[in-house]
Amino acid sequence: MLRCGPGATSRGDVVLVRQARMLTARVVVSTRPWRTATLLGAEERSGGEVLGRVVALRRGRWRVPLPRPFRPALWVAQRTLATAWARPETRLVYRGVRDFFFSGWSKPLRRHLVGPLAVRLLRAEDQDALLLFASERLVVSASFLRRQLRERWGLEDSERRGAAAGALDAKGRLHGFAWVDSYRQEGLPLEGVWVRSLVVAPQARRMGVATQLLACLLMEAHRQGEPSVQADVDEDNAASLRTFERVGFRRSSDALTRRTNEAWDAAGRSKRLVVLERDSGR
Ligand SMILES: CC(C)(COP(=O)(O)OP(=O)(O)OC[C@H]1O[C@@H](n2cnc3c(N)ncnc32)[C@H](O)[C@@H]1OP(=O)(O)O)[C@@H](O)C(=O)NCCC(=O)NCCS
């Protein structure tokens, strides 16, 4: 990223914007007034602090430069995608195609490609695997994960606070991840421990990996004396809601749901969340 303010950007530039606690990459869609949008057009906004212009995208080992002459092409692509994505039929077709590829028929092939997975608590020596997975699939900063693993999750049983669980293949690569910890670790004023960042790589979905990750974290929360575990899920994330409900999570009280949404609103997030909870030891 190249540090600069909105004045030094043009239509089609990708900028990094900080809104309260949220960092997002957004496309500049107009300069007068100055407005940005996500690639698929969601939440056109003018607010937020611009940290700079994105000059390259990195995903794992791959680095894709974003040269400035591509601005007009990126702006046209953003407008086209946003128009298409605004139509419910496009989203329906996209979800249908995605679910088709990652559903039952492809499971034996995917199982063969991924190989056996071991679901267990992560330790300090799993740091590299975790950071690689995070760079590809999570929006959580590497420094936060490194610190949590070193100072809390990766410690011996007697000292461990919170925990991270991963699904590892024979080569030690992560295909699924989640952690449980106090929200206060992330600066949110919410009590208790919460499941965070539950993500399974597409090739390993619908194989029970998320279910095993949750079981592993619930067991550890119980061992640490936490009576219950909470989770918050985007209200339109049907796959995640089903996953939590299938392992016994139930909707929390309206009061906790309201408090959680208010805490996230104050942190700059606008999507509605459903709050779920479960006893840790059933
Ligand atoms: C949500 C997610 C973690 C589920 O992971 P998973 O390993 O595929 O889940 P499981 O295989 O354990 O599925 C458990 C149950 O949840 C339900 N479920 C999971 N994915 C589903 C989907 N796409 N559609 C409908 N139901 C789904 C099913 O009932 C499933 O059991 P079944 O396969 O026996 O029918 C995964 O889809 C994911 O990583 N999504 C993107 C990231 C995300 O949204 N994370 C949640 C943030 S709160």
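## Basis of the model

Residues are numbered from 1 along each chain as its sequence is written, and side-chain values use heavy atoms, with hydrogens and water left out. In this predicted model, local features need pLDDT of at least 70 and side-chain atom pairs count only at pLDDT 80 or more, while totals for chains, interfaces and linings use all residues.

## The shell around the ligand

The ligand is surrounded by 16 residues, each with a heavy atom within 4 Å of it. Leu198, Arg206, Gly208, Thr211 and Asn237 are the closest. By class, the shell holds 7 nonpolar, 5 polar and 4 charged residues; here Ala, Val, Leu, Ile, Met, Phe, Trp, Tyr, Cys and Pro count as nonpolar, Asp, Glu, Lys and Arg as charged, and the others, Gly among them, as polar.

At least two shell residues come from each of strand 11 (193–200), helix 6 (209–223) and helix 7 (238–246). Helix 7 gives the most, with 5 residues. Helices (H or I, at least four residues) and strands (E, at least two) are DSSP runs, numbered from the N terminus.

## Atoms facing the ligand

Oxygen atoms of the ligand lie 2.8 Å from a backbone N or O atom of Val200 and 3.0 Å from a backbone N or O atom of Ala210. For Arg246, a polar side-chain atom lies 3.2 Å from a ligand oxygen. The ligand alone exposes 910 Å², of which the protein buries 77%; accessible areas come from the Shrake-Rupley method with a 1.4 Å probe, and for residues only the protein chains shown count as cover.

## Phe100

Phe100 lies in helix 2 (residues 88–101). Its relative accessible area is 48%, so Phe100 is partly exposed (buried is under 20%, exposed over 50%, partly exposed in between, with a 1.4 Å probe and protein chains only).

Methods: Polar contact = N/O pair within 3.5 Å; in protein donor to acceptor, adjacent residues only side chain to side chain.
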